[in-house]
Amino acid sequence: MRKRSIAGLSLAAVVVILGGLSQVPAAKFLVLNTVLPLTETLSVKPLGSDAYWVTGGIGNTGFVIGDTGVIAIDAQTFIPSARKQLAEIAKLTTKPVKVMILTHSDPDHINGLPAFPRGMDIIAQDSAKTEIQAVITDPTANGFPPSDEIRHYLPTRTVKASETTVLDGVPVVLIHTAAAHTDGDLAIYFPTKKLLFAGDLLTPAIGPYPGIHLNKQGSSLGLFASVKAILALDADTYVPGHGEILSKDELRRRLQVAEERREQIKALFDQGKSVAEAKSALNDVPLKGAAARFPTFIETTYQELLAEKAAGDAKK
Ligand SMILES: [Zn+2]
């Protein structure tokens with residue numbers, strides 16, 4: 001009964017709690033880490049040939065069953081949610097999780113790491129490893145402090161650009177095209193399964209436009225380049241960081257809508273409009289759900305264009 005009433009927290013309440021996280025003293029994070037996961041009901045969905053994606057958490061995760069172990073993609077936001085995911089994996093295989101691939105360093109993708117076995121291989125892009133190291137040094141560095149146990153989960157192997165490899169018998173291509181959502185994004189492509197985990201290069205759950213973390217050197221043009229790179233692959237199924245899986249056609253449409261939006265934003269910027277005027281002219285709305293506390297695509301694009309202009313002026 002108790003669990004039920006907590007689980008009955010409305011989505012709006014969860015959004016308010018998450019929205020206020022940046023103002024919450026560290027001690028309260030323990031409470032949030034305990035209460036919020038109770039609102040989550042994970043569901044594991046097969047993608048064919050030993051591959052699965054897991055929905056119902058703050059973000060999507062995934063896993064592939066290899067020859068001797070499980071290859072996991074992202075770690076859930078909360079340790080209890082990650083434990084739930086491990087229990088779901090255990091229903092499908094007795095093999096342990098041996099490899100974790102992180103799509104980027106954001107807390108909603110890494111804070112569940114301590115639920116996973118210590119000593120597993122952890123793969124991330126170079127910059128994501130630097131950012132995770134920063135969180136280990138200063139737990140507040142990522143906006144949402146993880147458990148101290150995260151110190152045992154520094155990536156053990158990094159990727160700079162792209163790498164083709166075989167992990168536990170499974171061919172995998174690890175792809176970093178450019179700084180996009182963050183500077184440490186990694187897309188994970190399973191060519192024999194025509195399957196790609198995109199992390200937050202794709203976030204349909206927060207709205208039609210991309211989320212860019214300028215504080216982690218994200219870039220809208222880098223994101224477009226990254227999405228084009230994954231579109232060019234022989235993949236049928238794209239698992240986003242947040243939201244429902246996308247087909248190649250849906251991905252193409254999403255890219256087109258975002259590119260058109262950026263052109264409209266740039267046109268207003270070039271006319272000397274303020275960001276407030278651009279937001280009003282283009283009917284800007286906050287990002288959906290827990291992402292509502294982040295700046296919108298218009299706001300981040302304006303900041304990028306202002307920085308570009310300042311750099312151009314400095315050269316003159
Ligand atoms: Zn995310």
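**Overall build and local details of the predicted model**

For 316 residues, a compact globule would come out with a radius of gyration near 20 Å, and the protein, at 19 Å, agrees; the radius is taken over C-alpha atoms, and the globule rule is 2.2 Å times the number of residues to the power 0.38. This is a predicted model, so local features need pLDDT of at least 70 and side-chain atom pairs count only at pLDDT 80 or more, while totals for chains, interfaces and linings use all residues. Numbering starts from 1 along each chain as its sequence is written. The C-alpha trace spans about 60 × 45 × 35 Å along its principal axes. The protein holds ten helices and twelve strands, these being DSSP runs numbered from the N terminus (helices: H or I, at least four residues; strands: E, at least two).

Buried residues account for 42% of the 316. Here, buried stands for 20 or more other C-beta atoms within 10 Å of a residue's own, exposed for 12 or fewer, and partly exposed for anything in between, with C-beta atoms placed from the backbone. As for contacts (C-beta atoms, placed from the backbone, within 7 Å), 65% of those between residues at least 6 apart in sequence join residues at least 24 apart.

Five strands make an open sheet with mixed pairing, in the order 8-9-10-11-12; two strands pair if DSSP finds at least two bridges between them. From one strand to the next, the twist averages 20°, using axes that are lines fitted to C-alpha atoms (for helices over the stretch in contact), with angles from 0 to 180 degrees between N-to-C directions. Strand 11 (residues 195-199) runs parallel to strand 12 and is joined to it by four bridges. Leu195, for one, has Thr237 of strand 12 as its bridge partner.

The largest nonpolar core has 60 residues, and Leu186, Ala187, Ile188 and Leu196 have the most contacts inside it. Such a core is a set of buried Ala, Val, Leu, Ile, Met, Phe, Trp, Tyr and Cys residues joined through C-beta atoms within 7 Å. A second, separate core of nine residues includes Leu268, Val275, Ala278 and Ile298. Beyond four places in sequence, Leu186 has contacts that include Ile101, Ala128, Val159, Leu174 and Gly199.

Ala128 also turns up in helix 6, among that helix's buried residues, along with Ser127, Lys129, Glu131, Ile132 and Val135. The buried residues of helix 6 pack against helix 5 (107-110), strand 6 (121-125) and strand 7 (157-159). Helix 6 (residues 126-137) has twelve residues and reaches 17 Å from its first C-alpha to its last, close to the 16 Å expected, that being 1.5 Å times one less than its number of residues.

Most residues other than glycine have a negative phi. Gln76, though, has a positive phi near 75°, and it lies in the loop between strand 4 (70-73) and helix 4 (79-92). Gln76 counts as buried because 31 C-beta neighbours fall inside 10 Å. Thr77 is in the loop between strand 4 and helix 4 too, and counts as buried with 27 such neighbours inside 10 Å. Among the residues Thr77 touches, leaving out those up to four places away in sequence, are Gly57, Ile58, Pro107 and Asp108. Ser49 has a positive phi as well, near 40°. Ser49 sits in the loop between strand 1 (43-46) and strand 2 (51-55), and its 13 C-beta neighbours inside 10 Å make it partly exposed.

Definitions and conventions:
Two residues are in contact if their C-beta atoms, placed from the backbone, lie within 7 Å.
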